[in-house]
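Dear colleague,

Please find the structure below, handed over for your use.

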Amino acid sequence: MNNILSFISNNFILSTVWFFLLNIIIFLIFKPFYLKAKLVSNFDAIKLINERNAKIVDTRSLELYNSGHILNSIHIPLKNISFKKVQELNLSTLNPVILIINSSERNNKYIKNFLDNGIKNIYILKNGIASWDAENLPLVINKK
């Protein structure tokens, strides 16, 4: 124990950087346990759609939605998600919902609207449409 304290006092900057990195690693390990929605890969999203009849809700802007979206996805901009809007969707509480989110906004408050309506199986497509498109998976493009 004396050696550790001696090392820390002699190498304060190195010890501080090590402690900071350790905290980041611990945060990244435990972060998924505190998320209200689970991140899913493209493969897992396709599996949810095919096996469990998952519904896709695209929360990006209308311009981004029109530039390419997943077939049969429902478009609702993230800022327009409300208690009433979620009820209008008539989503089954048994079927999973996959959200397409463009950025890493504070999405837990929007996810709460789904949770308040009894929809417990909420997933977020990891890396959004960019990774879907990068893997050459089909997109529907609305031309004006």
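Which residues does Val86 touch, not counting residues up to four places away in sequence? They are Ile81, Asn113, Phe114, Asn117 and Ile119, where contact means heavy atoms within 4.5 Å.

Before the remaining findings, a note on the basis of the values. This is a predicted model, in which local features need pLDDT of at least 70 and side-chain atom pairs count only at pLDDT 80 or more, while totals for chains, interfaces and linings use all residues. Residues are numbered from 1 along each chain as its sequence is written, and side-chain values use heavy atoms, with hydrogens and water left out.

Val86 belongs to helix α5 (residues 83–88). Helices (H or I, at least four residues) and strands (E, at least two) are DSSP runs, numbered from the N terminus. Val86 counts as buried because its relative accessible area is 4%; the classes are buried under 20% relative accessible area, exposed over 50% and partly exposed in between (1.4 Å probe, protein chains only). From C-alpha to C-alpha, Val86 lies 9.6 Å from Ile76, and the two are 10 residues apart in sequence.

Phe114, one of the residues that Val86 touches, has contacts of its own with Val57, Ile81, Val86, Leu89, Leu91, Val97, Leu99, Ile119 and Ile122, again not counting residues up to four places away in sequence.

In soluble globular proteins, nonpolar side chains tend to be buried together. A nonpolar core is here a set of buried Ala, Val, Leu, Ile, Met, Phe, Trp, Tyr and Cys residues joined through side-chain atoms within 4.5 Å. The largest such core holds 17 residues, of which Ile81, Val97, Leu99, Phe114, Ile119 and Ile122 touch the most other members. Two or more residues of this core come from each of β4 (97–100), α6 (108–116) and β5 (122–125). The largest share, 3 residues, is that of α6. Another core, of 13 residues, lies apart from it and has Val40, Ala45, Ile100 and Leu125 among its members.

The sheet

An open sheet is formed by 5 strands in the order β1-β5-β4-β2-β3, with parallel pairing; two strands pair if DSSP finds at least two bridges between them. The edges are held by β1 (38–40) and β3, each with a single partner strand, so one side of each is left without a neighbour in the sheet.

Taking the pairs along that order, β1 and β5 run parallel and are joined by 3 bridges, with Lys38 opposite Tyr123 in β5. Another 3 bridges join β4 to β5, also in parallel, and Ile98 likewise stands opposite Tyr123. Between β2 and β4 the parallel pairing extends over 4 bridges, and Val57 has Leu99 in β4 as its bridge partner. Lastly, β2 is joined to the parallel strand β3 (residues 74–75) by 2 bridges, where Asp58 has His75 as its bridge partner.

In a regular strand the side chains alternate between the two faces of the sheet. Strand β5 is covered on both faces: Ile122 and Ile124 on one side are buried, as are Tyr123 and Leu125 on the other.

Two asparagines in loops

Asn53 sits in the loop between α3 and β2. Its phi is near 55°, a positive value in a residue other than glycine. Asn53 is classed as partly exposed because its relative accessibility is 41%.

Asn127 is placed in the loop between β5 and α7 (128–134), and its phi, near 65°, is also positive in a residue other than glycine. With a relative accessibility of 60%, Asn127 counts as exposed.

The second largest pocket

Asn53 is also one of the residues that line the second largest pocket; the others are Ile46, Ile49, Ala54, Lys55, Ile56, Ile70, Leu71, Asn72, Trp132 and Pro138. At least two lining residues come from each of α3 (42–52) and β2 (55–58). On a 1 Å grid over the protein atoms alone, a pocket is an open set of points where a 1.4 Å probe fits, with protein on both sides within 12 Å along at least five of seven lines, and lining residues have an atom within 4 Å of a point.

With kind regards
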